[in-house]
Amino acid sequence: MPGAPGYTKAGSFPHQREGKNPRRKKVICMEFKTAISKMTDDDLIIHGKKHSEMVDSWGFPKTIFFLLSGKEPSEAEAAVFDAMLTTVIDHGMGVASALTSRFVMSTGNPLNAAVAGGVLCLGDYHGGSIEKAMKLYAEVKESGKTAAEFVKDAFANKKLLFGFGHKVYKDKDPRTSHLAEICKKNSYTSKYLTLALDMEKAIEAEKGKRLVLNVDGAIAALLLEMGFDPAMGKGFFIIGRTPSLVAQAVEEKAREKPVRRVSEDDIVYDGK
Ligand SMILES: CC(C)(COP(=O)(O)OP(=O)(O)OC[C@H]1O[C@@H](n2cnc3c(N)ncnc32)[C@H](O)[C@@H]1OP(=O)(O)O)[C@@H](O)C(=O)NCCC(=O)NCCS
């Protein structure tokens, strides 16, 4: 421990002891600073509050909110945040991340590798667009343009609008409408959700085709309203979707023979 007898301020490792080896350059120990949490003898302190009290009465979603933001959510925020996490928990076996977890598991890897494989699959087009959608809404607000003006310019510049469009849902994303209902039930209003819904209408008017406000886009609007840093956007989806990746990988191992592969009948060779 730095400061303890026999140790220099530089650190506690033997090679860092003062005078131990005069030919060795003095090492400046890395300092780790955090404002997130601290262990004590009988509890853990997270942003100044006792973790044991969170275990007693807060539950997982509220504690996640607090850990990520350092802010205690209002009742409405806690209810909407909980609903958002529950919404993204799974989206069937067919989505890329679930399939990847299954493929990795099927080739004889441990659970952590299979789950990590699924997490790596969360990219800009699957579960990973929350951060970019949060930045997009902030940009629209800062631009001072209306949703319609912004969308018009975006299409003129061939910009991809993160949070809009879906591979399967072409008319509406039911998860978005459900979240909007939950907001209403909890009297939770979000100027960013209103903006996102205005943009959805503006896109349809501009493109003559509907690109739904997808669940990432809706969540991005709500997270921005709650004051979260856009840098945490993808993290939110990782936290919400990981239980599914665990379930998919474990089921794969329990009921399938090792080594998945695509049937040759489903592969079209169009090379020479
Ligand atoms: C999700 C996504 C990959 C679906 O793609 P898709 O099934 O090919 O989309 P569609 O077939 O409905 O696209 C129709 C048209 O709209 C365009 N388009 C689709 N989503 C768009 C978006 N978000 N912004 C701008 N244009 C978009 C397509 O380029 C296509 O244009 P074209 O007809 O001129 O070629 C796509 O909508 C997208 O990239 N969205 C943004 C990323 C995102 O929010 N991902 C999270 C998904 S939950």
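## Packing of H2 against H3

In this predicted model, helix H2 (residues 60-69) and helix H3 (residues 75-87) pack at an angle of about 105°, with their axes 9 Å apart, and they are therefore roughly perpendicular to each other, a term that covers angles of 65 to 115 degrees. Axes here are lines fitted to C-alpha atoms over the stretch in contact, with angles running from 0 to 180 degrees between N-to-C directions, and helices are DSSP runs (H or I) of at least four residues, numbered from the N terminus.

Pro61, Lys62 and Phe65 of H2 meet Ala78, Phe81, Asp82 and Leu85 of H3, where contact requires C-beta atoms, placed from the backbone, within 7 Å. The residues of this contact divide into five nonpolar, no polar and two charged; Ala, Val, Leu, Ile, Met, Phe, Trp, Tyr, Cys and Pro count as nonpolar, Asp, Glu, Lys and Arg as charged, and the others, Gly among them, as polar.

## Surroundings of the ligand

The ligand is surrounded by 16 residues, of which Ser129, Leu161, Phe164, Gly165 and Asn214 are the closest; a residue is near a molecule if its C-beta atom, placed from the backbone, lies within 6 Å of it. This shell comprises seven nonpolar, six polar and three charged residues.

## Contacts of leucine 223

Leaving aside neighbours within four places in sequence, leucine 223 is in contact with Ile130, Met134, Phe228, Gly233 and Phe236.

## Basis of the description

Residues are numbered from 1 along each chain as its sequence is written. Because the model is predicted, local features need pLDDT of at least 70 and side-chain atom pairs count only at pLDDT 80 or more, whereas totals for chains, interfaces and linings use all residues.

Key. Helix = DSSP H or I, 4+ residues; strand = E, 2+ residues; numbered from the N terminus. Parallel < 35°, antiparallel > 145°, perpendicular 65-115°, else oblique. Contact = placed C-beta atoms within 7 Å.
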